[in-house]
Amino acid sequence: MTLMEEAIRGRVPPSIAQVAGREGIDPEKLARLVAAGRVVIPANICRAELDPVGIGEMLTVKVNINLGTSQNLDSPEAEVEKALAAVEAGTDALMDLSTGGDLDLVRRRILASVKVPLGTVPIYQAAVQKELTCQGMFDALERQARDGVDFVTVHAGVNKISLERLRQDPRLMGVVSRGGSLTVKYIADTGEENPYYQEFDYLLEMAREYDLTLSLGDGLRPGCIEDASDRAKYTEFIMLGELVRRARAAGVQAMVEGPGHVPADEIKTSVRAMKHLTDGAPLYLLGPLVTDVAPGYDHITAAMGGVIAGMAGADFLCATTPSEHLDLPTREDVVEGAYVTRIAAHAADLTRPGVRERARSWDLQMAQARAALDWDGQFRAAINPSLARRIRHRRGLETDTCTMCSELCAIRLTREAMEKGRNKDQERA
């Protein structure tokens with residue numbers, strides 16, 4: 001019995017109870033959200049050790065970090081180091097997108113090193129091993145499921161129907177999703193339908209066996225502002241909504257992935273459309289990046305879009321690093337991307353129903369510490385305490401105010417003025 005089926009039967013399994021305690025939500029209510037498919041808790045039954053994470057409605061926005069080797073840089077040790085650094089920086093989940101070296105070794109070493117949920121994209125392994133066939137795609141998925149991965153991205157919405165929309169409405173950049181482009185290649189080379197779409201019932205059987213969460217991939221996400229919000233993207237959303245319904249009927253947890261590069265004024269519409277078309281399925285977004293012109297700063301362009309998306313209902317943000325569009329991320333890039341995306345997620349939480357009060361209590365801690373000029377309190381409340389401490393002390397000056405304001409500290413001047421006013425009132429009384 002899958003986690004979703006247990007929830008449908010009114011049970012509260014340990015993973016739901018654990019997530020409920022962490023999120024401050026009633027366990028029975030969370031179980032109902034899981035049963036309805038509006039929350040997912042990715043947890044493969046083969047995973048030895050896992051700290052479960054809830055993604056979806058009434059929960060805080062979660063953050064994912066992408067890792068993985070490339071065909072130019074394929075060190076398993078480097079990817080494990082990134083995984084550990086990402087978890088230390090507070091990321092909620094990881095994805096192994098490896099395409100170079102021993103893919104099984106990299107995946108298994110990451111799984112052994114962390115306790116957060118891990119996702120993969122099985123079609124990458126099929127392509128790297130020259131097995132881009134129907135059987136090869138399912139073999140790769142099952143191999144990764146046996147290893148214990150908790151969620152898998154399958155680009156089931158990239159099929160002959162959605163590609164016809166793309167042909168009728170051509171894009172500047174075409175298909176920029178790696179998994180999406182591999183699926184397009186398969187369809188073009190074989191003339192056959194996408195196996196993950198054609199054999200979706202078989203995919204559901206495999207997901208049920210391992211209690212895999214399906215992440216229905218956005219293979220037709222726009223790769224530039226010029227291509228945002230076109231017919232192909234919305235056709236894929238419609239397909240994914242149909243597949244979400246089939247997954248829920250089979251007792252399989254499913255979330256939906258979204259774009260991509262989207263101008264700021266189109267993000268709200270896009271998110272709400274995706275939520276509507278998929279009946280409130282948890283929404284997992286890359287970015288969205290709000291401009292194309294900032295290589296080296298795309299962790300910031302993505303965080304800007306992530307705040308808007310989270311406010312509109314997105315549940316899971318995939319971090320972008322400063323290396324996006326340029327290079328394989330380093331450990332430092334991963335850490336930077338994790339913190340910037342966590343800031344975006346928290347900024348969205350401050351506005352989200354069901355979590356805003358809990359989110360604002362964190363900001364209240366910081367405000368109270370700042371009002372008291374309590375520097376240790378400020379460091380404890382900071383999202384990255386070590387960075388705050390380092391910047392505070394880097395010049396070697398120790399004052400009770402920051403070194404920018406010094407004696408002109410507005411907080412201290414106002415406090416002294418208010419105290420003088422109260423003293424004068426008392427003297428007059």
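This is a short tour of a predicted model, stop by stop. Residues are numbered from 1 along each chain as its sequence is written. In this predicted model, local features need pLDDT of at least 70 and side-chain atom pairs count only at pLDDT 80 or more, while totals for chains, interfaces and linings use all residues; side-chain values use heavy atoms, without hydrogens and water.

**Two helices.** Select residues 76–88, helix α4, and residues 103–113, helix α5. Helices here are DSSP runs (H or I, at least four residues) and strands are runs of E (at least two), numbered from the N terminus. The axes of α4 and α5 come within 9 Å and cross at roughly 30°. That makes α4 roughly parallel to α5 (angles under 35 degrees count as such). Now show the side of α4 with Pro76, Glu77, Glu79, Val80, Ala83 and Leu84, which is in contact (heavy atoms within 4.5 Å) with Leu105, Val106, Arg109, Ile110 and Ser113 of α5.

**Cysteines.** Next, select cysteine 224. The whole structure has zero disulfides (pairs of cysteine sulfur atoms within 2.5 Å). For cysteine 224, the nearest cysteine sulfur belongs to cysteine 318, 19 Å away. Cysteine 224 is buried, at 4% relative accessibility (buried is under 20% relative accessible area, exposed over 50%, partly exposed in between, with a 1.4 Å probe and protein chains only).

**Loops.** Go to the loop between β8 (254–258) and α13 (264–277), where glycine 260 lies. The peptide bond from proline 259 to glycine 260 is cis, with omega near 25°. Finish at histidine 325, between β10 (316–318) and α15 (331–349). Histidine 325 has a positive phi of about 75° and is exposed, at 53% relative accessible area.

Methods: Axes fitted to C-alpha atoms, helices over the stretch in contact; angles between N-to-C directions. Parallel < 35°, antiparallel > 145°, perpendicular 65-115°, else oblique.
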